[in-house]
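Please open the model in your viewer and keep the selection panel at hand. The tour goes from one selection to the next and says what is found at each stop.

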Amino acid sequence: MHNITPYSSPHYFIYLLILLLPIIIGLWFGKRFKIYDFFATIVILITAFFGGNMSQGISLIAYVLFEMLVVFGYLSYRKKHNSFGIFSLFVFLAIVPLIFVKLDPLINNPTISLFAFMGISYLTFKSVEIVMEMRDGVIKEIKPFEFMRFLLFFPTITSGPIDRFRRFQKDVLNAPSREEYIELLRSGVNKLMQGLLYKFIIGYIFGTLLLPRVTVMAMASRGQAPLGLSWYVLAYMYVYSMYLFFDFAGYSLFAVAISNFMGVKTPMNFNAPFKSKNIKDFWNRWHMTLSFWFRDFIYMRLTFTIIKHKWIKNRVAIANVSYFALFLIMGIWHGETWYYIVYGIFHALAMITNDAWLRYKRKHRKQIPSNKFTEAFAIFLTFNIVCFSFLIFSGFLNTLWFS
Amino acid sequence: MKKKLWMIFGPVIVAIVALLILLWAPINFKTVTPTKVQQAATSLDVRVLKGESVKNAAEKENYIPIIGSSELSRMDPFHPSSMAQKYHWKNKPFLLGNPGTASLTQAMNVGGMANLKGNKAVMIISPQWFTKSGVQAEAFKYFLSPLQLTGFILNSDHGDKAMNKYVANRIIDLGVSKGVIEDNALERISEGKQITSFQRFYIKRVSRASLQSQDNLFGSISMNNHQKIIDKASSKLPDTYDYKHLNKLAGKMAKEHSTDNELQIGNNFYNKQLKKNIITYRNTHKHVTYTHSPEYNDFQALLYMFAQNKVEVMFVIQPINPYWVKYTGMPLSSITNFDTKIKYQLKSQGFNNIVDLSQVKNPNYIAEDTIHMGWRGWLMMDHRLKNYYKDKKANPKNTQYKMDDYFLTDKWANDTNFSN
């Protein structure tokens, strides 16, 4: 037996829907079967993590136990005290396993990542959110069972979308009404079908059929111009961007669809990102649960801290510093390679430029035309900037230049 | 309420029913037309190799397959497809082989060509297949056809038991996995057992039925098309066939195409693949041997497949560019020893039609680049094909094979001490 990556093949859905059937019937009659939910979660976790040598499964168990210690340790501390230092320590502890996993490629010593399993990032985002909201005082009580149910909610376990604890609780503590549930089923079926189209048809065309071809072509003509550039590199950029979107958006649609069948309104990850008019708009439409997480728990908090301590006075400078922090951290989170870091810096610069342009536009509203053509141009420009950033992100330049 | 549910699930149910009908209903989707077959003959599309319907249709028409690997894509004017078109051979070549296909892939392929029975075929052997480690697992997996695999499993109740056992073992060892029931059936064959009646039922009625429908539906749509290349190539040939004249022409054309280097390697290939790093190949093949390889056993499996279907086969041993041989420091004995061994395996079992191009008097421009035949190499082969292609039926006198399962053993794979 190998690990079965959730949603990776059409067959998976047949088994998954059979497993979901009792849950769906229960919800139809307005009931949640806690024990069956638990059983289904165990089945999915076993197939996803305990195939082969079980190392992923053992890591998962170790990870969950460790995070429980951190979260409940902080909860009992927070009931009596509220020091910034201790809070920071617990946030750091919560991300320690992820840091180990992410540092691995740098250290050439794979044994260090005791916690390596698919999806560790997404579970860490959830844990950190809980610790931060405990500090804010908006999460006052949480039971170990609830924590585990939230963390291990199987439709989203490997790659998000990243839900928020309080929102999630609202859904799982009650069963939806018949009308609400019919609406959820409708939304679930639509998203499931859209996801199948995205991931297994469009994503397949770009990722499996076209990407290898343009890769070979681009590599073959890399001697022709400085930096190995050729038209094929441009083709690679677009093909990869399309693949990245359709593959990941397809996956996210599956996760939301399956959540819907289980009576949970997991938030959407994508909202027509290639229609964005500027880069800020883009980050409100692309991998939304991740960008909102970074916005709420890094950008906003950093901005408030800077203002509170009056480290920087200039509002523009504060925003720019926070952008840099956000995107640098996002780059580092993707992995410790130069291209992820450059990808982060590139987006920080794009955001800063975009803000500057918007300020300029506001001041000169009369002189700058705004009509259908400027809007189309804005979308075109944003699309190309984004695709260029994905070319950096893909790591292909690394292969093109250094291999 | 019912209407609402139907609006939600109705379209999905209809789609699923339509899919089930498409894949499993006993409808014969006639998508393979003579035009498709003509296109498939030179398309080198992987789906043609991995499918069955197009090849079976081709066997009913005037095609004789040429089974090989990457050399088939070297479509210069002397390529057999070009020659057959120009000089109106009665039967036309049907090309089966891609970069990375070797004996075992072709054994599966030939095993799936039901209509090849009693007909002729041509098989081009590359010495480079016969390395110490044999075929690469990744290449084999890529070319393994689930359809042909189900065919092999179902056919395992007849034919040579040792060969079936060998092939099943080899497929498992190379890490192929195509479903639990197929895997278990392979396991049984590898142990010399018959597959269970449930396995037979499932693989025949469920797996294979669906794969056949898929092959019929999608096996020949939007294939690669090389017809224009063949047209262009054959337009460069003179109208009358005169071997001596063509031989000179081939040398002349090849010379014009390989001016960038002194190794008689085509400019295109040289500039793309070698120019930058050619120095890294100098004297790297000093210790190459092609006499110890599991490929000999795979090749034997292929011979069994030919023998089972009473196929008459012309074997062509592919030449290596002699200048490349010198450059890489390959000892001549590597080639001659390989020749001796492969010919022993062939002749001792009754496969006597062998065209050996690895040792010819004048090897100038025999190859298109390093290890792929072309120009004069193709012409020498064509000269033999010309007569062979006059009739596509096998001569029963030439298919009296005496198969020996010693050639499936490890011992043979490493044997260099045999009598001729």
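The stops below take in domains and then a sheet.

This is a predicted model, in which local features need pLDDT of at least 70 and side-chain atom pairs count only at pLDDT 80 or more, while totals for chains, interfaces and linings use all residues. Residues are numbered from 1 along each chain as its sequence is written, and chains are lettered from A and ligands numbered from 1 in the order in which they are written.

Begin with chain A, where the domain assignment (bounds from an automatic or database assignment) gives domain 1 (10–175), domain 2 (176–268) and domain 3 (271–403). Select domain 2 and domain 3 of chain A, whose C-alpha centres lie 22 Å apart; 13 residues of domain 2 of chain A are in contact with 12 residues of domain 3 of chain A, contact being C-beta atoms, placed from the backbone, within 7 Å. On the domain 2 side, colour helix 9 (residues 231–261) of chain A, which provides the largest share, eight residues; helices are DSSP runs of H or I with at least four residues, strands runs of E with at least two, both numbered from the N terminus.

Now move to chain B and select its open sheet of five strands, which has the order 2-1-3-4-5 with parallel pairing, where two strands pair if DSSP finds at least two bridges between them. The edge strands, each pairing on one side only, are strand 2 (92–96) and strand 5 (354–356) of chain B. Finally, select strand 4 (residues 312–317) of chain B, which three bridges join to strand 5 of chain B in a parallel run, and display B:I317, whose bridge partner in strand 5 of chain B is B:D356.

Definitions and conventions:
Two residues are in contact if their C-beta atoms, placed from the backbone, lie within 7 Å.
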